[in-house]
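Please walk through this structure with me, one region at a time. Keep the sequence at hand as you read.

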Amino acid sequence: MTRCALFTSDESFEPWLREFNHQFPQLNVAHWQHITHPEEVRYAMVWKPTKALFDRFPNLTTVFNLGAGVDAILSNPAVPSHINIYRIEDGGMSAQMNQYFSYFLLHFFRDMDLYQQQQPLQQWKVQPFRPASSFRVGILGMGQLGANLANHLQSYGFDVAGWSRSKKQLPGVTSYAGARELEAFLSRTDALCCLLPLTPDTLGILNRKNMSLLPKGAVVLNAGRGEHLVADDLLALLDENHLRGAVLDVFKREPLPADHGLWLHPKVMITPHSSAQSEYVPCVERIGHTLQAIENNQAPSGLVDRSRGY
Ligand code: NAP
Ligand code: GLV
């Protein structure tokens, strides 16, 4: 009989438990502190697990991350190196990311920021028309979420490019890959969308040097991780009018501290790490099938490569 431990925040615990027990009752998913024979547990479904979990279950072989990003697990020294980590691929998040980025990209493309500035001045002024094909969107990270977004944005007629470690073949999307092509990618990007995982290579990638390579008047949107962005560099480039605006969903410290300069900056729009949330039904379906594939000695996708960091 499989026994699985569930480790999540208190608020999301009940819905996860209900969904696991509804779709996969045979997995016997239970609260990690309520399991009477911890030595029998091989699998854990987790979000931001602490050392206590690994101390309690000495025979864990595999953890299933209840989100896409695994930076919090990989940076946790308490996670034994022999444990396999699987992450959520999509889990309902691609559709949400598409909505999120579409909303803010259209905001800038259709000059809504300028109309918002005009309104208190009672200024009736039509901004010049520009074709969608002249709006160059660049996506940092062309994985599950980035590649899906690139496809989606083509329906607006934008000129879409992506940057990843390996070259991609996506119809209608220009692919840039690796550190050597980053400069060319940034130089052609009016709207930079970050959907990278946080790794030692991507930490601080949204810094002054890189954001200065964007054309004057570009906008920066970050839904990757807060540590991708050097906030002081962003604020300086906004104040120097090199950048037109920024949309930030993720922060080095969350919640963003009340006294942080980003909160009240007129060119910054902030959302509370809400661009895309793991949806219980597709995530549980995915984890359940992945677990069954592992038990059948198959090699399901979603296994994190620790050497790459994602
Ligand atoms: P993924 O499928 O693993 O995709 C990662 C992409 O980043 C891949 O295209 C990869 O390139 C690229 N990449 C990684 N390191 C790189 C480097 N050093 N240089 C260039 N490209 C690099 O991940 P995902 O599912 O799309 O999720 C991406 C991230 O989004 C997550 O890690 C998480 O941080 C964030 N996220 C945020 C929210 C939110 O609510 N804000 C929700 C979900 C996810 P290759 O394709 O060549 O491997
Ligand atoms: C959320 O930020 C995730 O990584 O799923």
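This is a predicted model: local features need pLDDT of at least 70, side-chain atom pairs count only at pLDDT 80 or more; totals for chains, interfaces and linings use all residues.

Residues are numbered from 1 along each chain as its sequence is written, chains are lettered from A and ligands numbered from 1 in the order in which they are written, and side-chain values use heavy atoms, with hydrogens and water left out.

Start with the domains. The protein is divided into domain 1 (4-91 + 278-295) and domain 2 (94-270). These bounds come from an automatic or database domain assignment. The C-alpha centres of the two domains lie 33 Å apart. Their contact (heavy atoms within 4.5 Å) takes 7 residues from domain 1 and 5 residues from domain 2. Together the domains bury about 590 Å², with 38% of it on carbon and sulfur atoms. Buried area is the accessible area (1.4 Å probe) that two parts lose on being put together, summed over both. On the domain 1 side, Asp71, Asp90 and Glu279 lose the most area to domain 2, together 65% of what that side buries.

Where does ligand 1 lie? Both domain 1 and domain 2 give residues to its shell, so ligand 1 lies between them. It is surrounded by 30 residues, counted when one of their heavy atoms lies within 4 Å. The closest are Arg87, Met142, Ser166, Lys168 and Tyr310. By class, the shell has 13 nonpolar, 10 polar and 7 charged residues. Here Ala, Val, Leu, Ile, Met, Phe, Trp, Tyr, Cys and Pro count as nonpolar, Asp, Glu, Lys and Arg as charged, and the others, Gly among them, as polar.

Now look at the polar contacts of ligand 1 (pairs of N or O atoms within 3.5 Å). A nitrogen atom of ligand 1 is 3.1 Å from a polar backbone atom of Arg165. Side chains take part too. An oxygen atom of ligand 1 is 2.6 Å from an N or O atom of the Lys168 side chain, and an oxygen atom is 2.5 Å from an N or O atom of the Tyr310 side chain. Taken alone, ligand 1 exposes 940 Å², and the protein buries 92% of that. Accessible areas come from the Shrake-Rupley method with a 1.4 Å probe. The elements that give two or more residues to this shell are α4 (93-109), α6 (144-153) and β7 (159-164). Helices (H or I, at least four residues) and strands (E, at least two) are DSSP runs, numbered from the N terminus.

Move to ligand 2. Trp47, Gly67, Ala68, Gly69, Met93, Arg225 and His273 surround it. An oxygen atom of ligand 2 is 2.7 Å from a polar backbone atom of Gly69. On its own, ligand 2 has 190 Å² of accessible area, and the protein covers 86% of it.

Last, the backbone. Most residues other than glycine have a negative phi, and most peptide bonds are trans. Asp90 has a positive phi, near 75°. It lies in the loop between β5 (84-86) and α4. The peptide bond from Glu254 to Pro255 is cis, with omega near -5°. Pro255 sits in the loop between β11 (243-248) and α10 (261-264).

How values were computed. A polar contact is a pair of N or O atoms within 3.5 Å; within protein, one must be able to donate a hydrogen and the other to accept it, and residues adjacent in sequence count only if both atoms are side-chain atoms.
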